[in-house]
Amino acid sequence: MIIQGVDPARRRTLRKISQGKHQSPRPQAVLAMVNQQVLDATERQAAVDQSHVVREANQQLVLAVLDAHAAADLAEQSRRDGEASFERHMRTDRRAKEALAAINASLEERVVERTQQLASARDDALAAVHAKDQFLSNMSHELRTPMNGMLGTLELLTRSQMKPKQAHYLEVATASGEALLGILNEVLDFAKIGSNLPHVNCAPIDVNAIARSVVVLYSALAERTTIDLQLHVDPNLAEMRLGDALHLRQVLLNLVGNAMKFTPNGSVSLRTRLIRVGGIDRVAFEVKDTGIGIDASQLQRIFEPFVQADDPAHRRSGGTGLGLSISRQLVVAMGGELKVRSVHGQGSAFGFDLALELAPVTAAIPLDEIEPASSTQRLMGRVLLVEDNQVNQMVGIAMLESLGLSVVSAENGEEALLKTAESSFDLVLMDCHMPVMDGYEATRRIRSAESRDARTRLPVVALTANAFKNDVDRCLLAGMDAHLAKPYSAKQLRAALVPWLPRRREA
């Protein structure tokens, strides 16, 4: 048996005793005593060892407790740091949200303010456009009204007996009035167009007939000069096409008029042709003259407003210099491009082409169905002329009577309503701007009475100095059937009346 915890010498003694080599009279007693001592020593050693273990365990426990406390403190500190960090994060997030909300509110305010500014600017721009349109409409009315009285009276004078010298004076006065009217039209057209393209209508037109009418208008001027005015039309353009007759005629009138103005002698020709560009049929127009031509330095500026072909210091012809500028804008609006070729001293050629599609067969209306073939045939019917201007009333009555019509006059819309209620008429010529009641309101009331009393519709033709498209639209919206702008000639008056008057039966 090996006893743990005893030093080596004592273990050897104990071993000898146990083996019987050591003789003693009381071996058993000694052995028991030694064993007891050994046991005591072992117990004490075990107690010491146990105390040591306990102490170590206690130390480990204390260390563990200390570590646990340290860990707990660390965890608590971490928790506190986490809470502090979370609070800081929340405060930062809250401040960021508050700042973002403030920015959003500021942006919203700025957007609202900017929107209000833009809306105000838009309203101001619209008001300015409306004021401009109103001004042009008023100026057109105020200028055309006396022009109508002047030119109408001059036309009536041509039917009276005069001496040759008086007839010459009358011719000069008429030409001067027509020139003034041309300038007025150009200035108003240029101001109206401004930077915007004009509205283009699409209706069946006879291209060659329009070209023919332009040449006819200038034929009298050509006869008084040494200019040979020529017309060359393409027979392939005999069918009706879709286009804007008003704008096309205005462009051709401007181009032929310019050619006549800058051709002291020689020829001016208007030509129409059907051409094919990129597989598409187009109608080409060319006005060519043998006049003074345009200097190369002026070709790039010829379409600018207020620019003329001749040298300002040696100008041979008057005018505003707006005709070509207006013509170019009208051609662009119709889908073309106005071009020029010219050699100084040899003449010029202005041309453009348009994509004018063939009109539906049902849309082609023969001209002889619109107006009788004879322009001298007297008309029949009873007409109410509503006109507040005494001079224009006099001119209108004289022209209407010369056409064979019976005429009754009224000075304002209210008087016109009374007369249409008391008597029957075949047609009303209605001025638009009048005191007491204007022509628009009078026409609306006539239409209302017709609807209420189931009366036959009475044709109403606007007879006004307001000549812009929006003025025409306003007339039609009020219930009028057609529009004739002042100043007008007897021929224009007749053309406006014929579609609405009863036909004279042939004997």
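Predicted model: local features only at pLDDT ≥ 70, side-chain atom pairs only at ≥ 80, totals over all residues.

Five strands form an open sheet in the order S9-S8-S10-S11-S12, and their pairing is parallel. I noted strand S9 (406-410) and strand S12 (482-485) as the edges, each pairing on one side only. From one strand to the next, the twist averages 20 degrees.

Strand S8 (residues 382-386) and strand S10 (residues 427-430) run parallel over 4 bridges. Within this pair, I found Met430 of S10 as the bridge partner of Val386.

Next I checked the helices on the sheet. Helix H8 (residues 390-402) lies across S8, S9 and S10, and its direction is at about 165 degrees to S9. Helix H10 (residues 439-453) also packs on the sheet, where it touches S10 and strand S11 (460-464). I recorded about 155 degrees between the directions of H10 and S10.

I turned to the nonpolar cores. Which residues have the most contacts inside the largest one? They are Leu248 and Phe352, in a core of 36 residues. Among the elements that each supply at least two residues of this core are helix H4 (207-224), helix H5 (245-261), strand S4 (266-277) and strand S7 (347-354). I listed the contacts of Phe352 beyond four places in sequence: they include Leu248, Val251, Leu252, Leu255, Phe285 and Val331, and also Glu337.

Technical notes:
Residues numbered from 1 in each chain as written. Heavy atoms only, no water. Core = buried A, V, L, I, M, F, W, Y, C linked by side-chain atoms within 4.5 Å. Buried < 20%, exposed > 50% of the residue type's maximum accessible area, 1.4 Å probe, protein only. Contact = heavy atoms within 4.5 Å. Pairing = 2+ DSSP bridges. Axes fitted to C-alpha atoms, helices over the stretch in contact; angles between N-to-C directions.
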